[in-house]
Amino acid sequence: MTTTTTTPATEPRLRVNDFALKLANVNGTGSASANSLLMEAIFRMGVPVSGKNLFPSNIQGLPTWYEIRVNYTGFVARAQEYDLVVAMNGQTYERDIKEVKTGGYVLYDSTFPLEPGLTRGDVTFLGLPLARMCNDHFRKSRERILMKNIAYAGALVALLGIDTEMVEHLLDEKFAGKAKLRDSNHVALQLGIDYARTHFACPLEIRLERVPTAEETILIDGNTATALGCLYAGATVAAWYPITPSTSLMDAFTGFCEKYRRDPETGRNQYLIIQAEDEIAAIGIVVGAAWNGARAFTSTSGPGISLMNEILGLAYYAEIPAVVVDVQRTGPSTGMPTRTQQADIMECAYASHGDTKHILLFPGNPSECFDLAVRSFDLAERFQTPVILLSDLDIGMNDWVVPRLSWNDSYVPDRGAVLTAEMLERLTAFPTRCELRDGAHTPGRQPAGGVLRAWLGPHRVGHLHRDPGRVSKGCRPPVQEARCGGTPHARPGDRAPRGRSLRRRHGRRVRPRRPRSPGAAAPP
């Protein structure tokens, strides 16, 4: 088998820490491990990098892509064209090769020659006999498939100038305690490195250089960051029904609880996580747990929000705090589970069957997922209402480079003005928050840990009745009224985090115009 290298007429120019890769694979072949290995190695070199996973909604067999954008200015959006494509899926060769920019590169398995119609004169083709090399060095069929991915990762290490020792160290970290698997990965990595250095000019004109940086950053996805925020906020109850792309959030929360929410002396769990039969049951469990004083939440996506509408309305008017994390995907209906879209904003804002306005929080990256997860619980309890945190698939499931998460150890959960044990002893009835002039309100904490709730209906002591003359007009949920029965309540907007102002780096700022009345002259 000979090496295939085609040199284009247009030579690529030198580009350091500024290029985009696309890795085209078959879902279920283990490519995710190799791709994440490359992503983390680039990150540890101090180079700004972002990764986007484009995968099908099935277990295996269909095409999947992973995009890595290296950009010294920190841009994280997907690239329109690619400087290098790793073509490992024969079904998508034509599409993948078309997306390479002029002067770019295609890395492919030359064990199986390309059809003549797929080649391009303005692109360099780098052929590596990956299948043949892995067949020669590994015995088991599954191992041969998996190690092909590590072998092309090794080739990219040489071609792009990635720190070899860094990659080897990452493999040692990942497979610590699994010596046999670790050794196989090292062999496959070295096969790719040696072949590339022997047959190609390494590094290529697109390459990496280590960047010294004083800022401490981490590589984390939004679902993991949100789960960590829920843990730090004091959440002890979670209920959910599996749905892409939010499932990994609850998986991460479960792992954190197993490590940090278990009594070290007795070994007893100090948390409750329930996989419910559907989303309706999940939100019902959350509301019930919050009724009893626990900080509780659920994670879901658009279809789940649709099913939760009725109980979200109940929690709103019964004034029960609850947190819902909506990791959005493409809709409507079941939509496209593995694609990104911010399609649930209006649905969440008015979730219920009328006359509700929910508090919504919108993180823009995993760091904000962590911060706003904590803020969600505080807002929910202060205003005794559901709060919905809206992330999306891109933020939730992809790795982002963000500043190291920070935490104030003096943090105290904001549960609003609650009744003390002494106040409970003095009360003969439990009025709504409007009737308590000293600033406290029901629901309040009992000494045993329960929470007292006013019953349905806007009567001043919480009775359900039909006499309109006895209705306390000021006693609506505080998210609707800024003042309640003469007692001032801060509006949620006054306590919610301020959004960031985004502007383009190039071009002029565009301001919306007010609509003209019919017949009015057009503005100059």
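Me: Is Ser352 buried or exposed?
Reply: This is a predicted model, in which local features need pLDDT of at least 70, side-chain atom pairs count only at pLDDT 80 or more, and totals for chains, interfaces and linings use all residues. Residues are numbered from 1 along each chain as its sequence is written, and side-chain values use heavy atoms, with hydrogens and water left out. Buried means under 20% relative accessible area, exposed over 50%, and partly exposed in between (1.4 Å probe, protein chains only). With a relative accessibility of 18%, Ser352 counts as buried.

Me: Where is Ser352 found, and what is its phi?
Reply: Ser352 belongs to the loop between α11 (345-349) and β15 (359-361); helices (H or I, at least four residues) and strands (E, at least two) are DSSP runs, numbered from the N terminus. Ser352 is a residue other than glycine with a positive phi, near 140°.

Me: What is the phi of Glu319, and is this residue buried or exposed?
Reply: Glu319 lies in the loop between α10 (302-318) and β14 (322-328). Its phi is positive although the residue is not glycine, with a value near 60°. The relative accessible area of Glu319 is 14%, so the residue is buried.

Me: Which residue is joined to Pro203 by a cis peptide bond?
Reply: Pro203 is placed in the loop between α6 (179-199) and β9 (206-207). The cis bond has omega of about -5°, and the partner of Pro203 is Cys202.

Me: What is omega at the cis peptide bond of Thr244 and Pro245?
Reply: Pro245 is in the loop between β11 (237-240) and α8 (247-260). The cis bond that joins Thr244 to Pro245 has omega of about 10°.

Me: Within what arc do the buried residues of helix α3 fall?
Reply: The buried residues of α3 (residues 130-137) are Leu130, Ala131, Met133 and Cys134. Seen down the helix axis, they line one face of α3, because the directions from the axis to their C-beta atoms fall within an arc of 165°.

Me: How is the pair of Tyr316 and Tyr317 classed?
Reply: Rings of Phe, Tyr and Trp (its six-membered ring) pair if their centres lie within 6.5 Å; planes under 30 degrees apart count as stacked, over 60 as edge-to-face and the rest as tilted. The structure holds nine aromatic pairs. For Tyr316 and Tyr317 the centres are 5.0 Å apart and the planes are at 70°, and the pair is edge-to-face.

Me: How many residues apart in sequence are the parts tied together by the pair of Phe370 and Trp407?
Reply: The ring centres of Phe370 and Trp407 are 6.1 Å apart and the planes are at 75°, so this pair is edge-to-face. Phe370 lies in helix α12 (residues 366-383) and Trp407 in the loop between β17 (399-403) and α14 (421-426), so the parts tied together are 37 residues apart.

Me: Which residue has its charged end over the ring of Trp65?
Reply: A charge sits over a ring if NZ of Lys or CZ of Arg is within 6 Å of the ring centre and within 35 degrees of the ring normal. At 4.3 Å from the centre of the Trp65 ring, the residue is Arg95.
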